[in-house]
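Q: Can we go through this model strand by strand and helix by helix? I'll ask as we go.

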Amino acid sequence: MKNSIFALNLLFLFACNTNDVVSTDVNLAELPYEGKKKSKELLVHELSDPDKLNPLTSQGAGSSYIEHCMFMYLLDIDKEKLEVIPWLAKERPKISELNEGPYKLKIDYEIRKEATWDNGTPVTAYDVDFSFKTTKNPHVDAEHQRPYIDFVADIIIDEENPKKFSFLTNELHYSAEFSSGGVNYIIPEYIYDPEQLMRKFSLKQLSNKEEIEEIRGDLDLITFAESFNGEKFQREPGFVVGCGPYSLEEWTTGQRVVLKKKENWWGNALIGTQSFDNHPEKIIYEIINDKVTAVTATKDEQIDIMRGVSPYNFKELSTDKAFNSKFFMFNTDFLSYTYIGLNMRHPILKEKEVRQALAHCVNVPQIIEIIMYGYAKPIGSFVHPSKSHYNTNLKPYEFNLTIAKNLLAGAGWIDSDQDGVLDKEIDGVNTPLRLSIKFNSGNDSREKICLFLKEHAKKIGIDLEIKVKEWTVYLDECTNHDFDMYVLGWVQEAVLDDPKQLFHTDAYNGGSNYTGFGDAYTDVLIDNLRKEMDDEKRTNMFKELQAIVHEEVPYILLYTPDNLLTISKRFGNAKPYIARPGYEERELILKSYKGAQQ
């Protein structure tokens, strides 16, 4: 569906030895590499371990980047053109609107004839059926994933050609193409369900709320989910298996994740086609939970790719001639934003005036100038400014402590005991305005954001405690609403946003609505928005939702950061992309140079 994709004109810049701006029409392969590294392995920096490597239950962005080398969707995104492209599917699906019967859309797919699993058996529509049923199993830890495919109601598999199938949907959906083919990885039944327990259930059953309740207690449904959610399918080689070009060789917690290129992979015949390149023999994701240490490792050529370089280090490295002789430096736009999340069901933060007051305590221009060194832009909405449905009328909350103080006073907050902290009676108990804010360890930018906010909030009588958490613990606490406030970021896809995962009340338990935003009105607005096929009407709905979110402040939106990225000059075809994570590690080719292993 063409209306599900937005187009951008991109201008990429990178720094050379003298920090001049060099246009991307330069042949990077001709630029000299003056380092000494000879390994054929590609080393990518990760700030923390992946939360897991089960592609249907993991939630972290880092996990998704690693999984993208091992697993495949039916569809992918062309990182340059930002268009939907076929991946596991032979071609983009045919979508037909149905005017009779209970279903609204029919989405026809065919899987590539070459596609096989590691055991040599073909990838078929039965694997697609299994994968979607697994996500919809109510006991599988995929609550965050289910909203994206909830409109898929049934599947019809061609009896003569099991590589052909059709999805039937229970509603119209503005992003039916990408949501049906680009968000749910296809996984092998023979690995993840060797006892074939899920064959007992149909996709139609698991897509109907009434029928789900009838079978919820089924022992086979529960037994499968307990196994699927288990540790071996999250991290053990031999049990983390897809039909992509790489396999999991090792995961040593706190040190590295190692992927090994498969021999005789079925997709090798398609190398050169978008998303089929797989050149590095091994891809090693080095876990270094400190950005300063990671920069040192990069300088020593122990790291080939580092994304999210801290603005301070990026600025320093851009004038380092020795570093620039060995690394490309890219500074590009990025489809992401950083925000402070507020627990709207917290006794204090359930008051809108408190949330708005806190928003007025955040000095976004100061954060961008001092913490981000100008490598970011302010944002007024959860929709990226590059997208056509971004509400341009929304502006970031002004940093103004007087407004913040007046909002709190109007809501009844006073310093009754003169201890410097405001207080108020809540449910019959005198409650001081004391809150905590969390961030993940190793992220110095988020730590500084917390420190700045603590300083400003203190001036108007808010006592803010800062807590730091290890990434996997932090993500778990956010998911379980165990926070007052937190600092996090969302990385977006190059398609129209689906707000259900973040802002629908159905996504509160197990989904990504960490803050508890939403009511009956916004739920209906989101539901209707997803069904609206008229671009103009849907855009107006998007803008209304953005305005409500802006007013209610579940998020204090901070900025959309530039993607600050370094890639070794050992790879002559290195280039940046606006699509996440900003590069494609599988396509990198080790160029010929003196002393290189070939």
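Q: Start with β9. Which residue there is the bridge partner of Ile107?
A: Phe167 is the β9 residue bridged to Ile107. This is a predicted model, where local features need pLDDT of at least 70, side-chain atom pairs count only at pLDDT 80 or more, and totals for chains, interfaces and linings use all residues. Residues are numbered from 1 along each chain as its sequence is written, and side-chain values use heavy atoms, with hydrogens and water left out.

Q: How many bridges pair β7 and β9, and in which sense?
A: Six bridges, antiparallel, between β7 (residues 105–110) and β9 (residues 164–169). Strands here are DSSP runs of E, at least two residues, and helices are runs of H or I, at least four, numbered from the N terminus. Two strands pair if DSSP finds at least two bridges between them.

Q: What is the strand order of that open sheet?
A: β6-β7-β9-β8, with antiparallel pairing. β6 (94–97) and β8 (152–157) each have a single partner strand, so one side of each has no neighbour in the sheet.

Q: Which helix lies across β8 and β9?
A: Helix α2 (residues 125–136), running at about 160° to β8. Axes are lines fitted to C-alpha atoms, for helices over the stretch in contact (heavy atoms within 4.5 Å). Angles run from 0 to 180 degrees between N-to-C directions.

Q: Now the six-strand sheet. What is its order?
A: β16-β22-β15-β21-β19-β20, an open sheet with mixed pairing. β16 (376–378) and β20 (463–469) are the edge strands, each pairing on one side only.

Q: How many bridges join β15 and β21?
A: Seven, between β15 (residues 336–342) and β21 (residues 485–491), which run antiparallel. Among the bridge partners are Gly341 and, in β21, Tyr486.

Q: Switching to helices: at what angle do α19 and α20 cross?
A: Roughly 150°, with the axes of α19 (residues 520–531) and α20 (residues 535–552) coming within 10 Å. The two helices are therefore roughly antiparallel, a label for angles over 145 degrees, with under 35 roughly parallel, 65 to 115 roughly perpendicular and the rest oblique.

Q: Which residues make the contact?
A: They include Tyr521 and Leu525 of α19, and Phe542 and Leu545 of α20.

Q: Last one: how many disulfides?
A: Zero, a disulfide being a pair of cysteine sulfur atoms within 2.5 Å. For Cys69, the nearest cysteine sulfur is that of Cys243, 13 Å away.

Q: Is Cys69 buried or exposed?
A: Buried, with a relative accessible area of 1%. Buried means under 20%, exposed over 50% and partly exposed in between, using a 1.4 Å probe and protein chains only.
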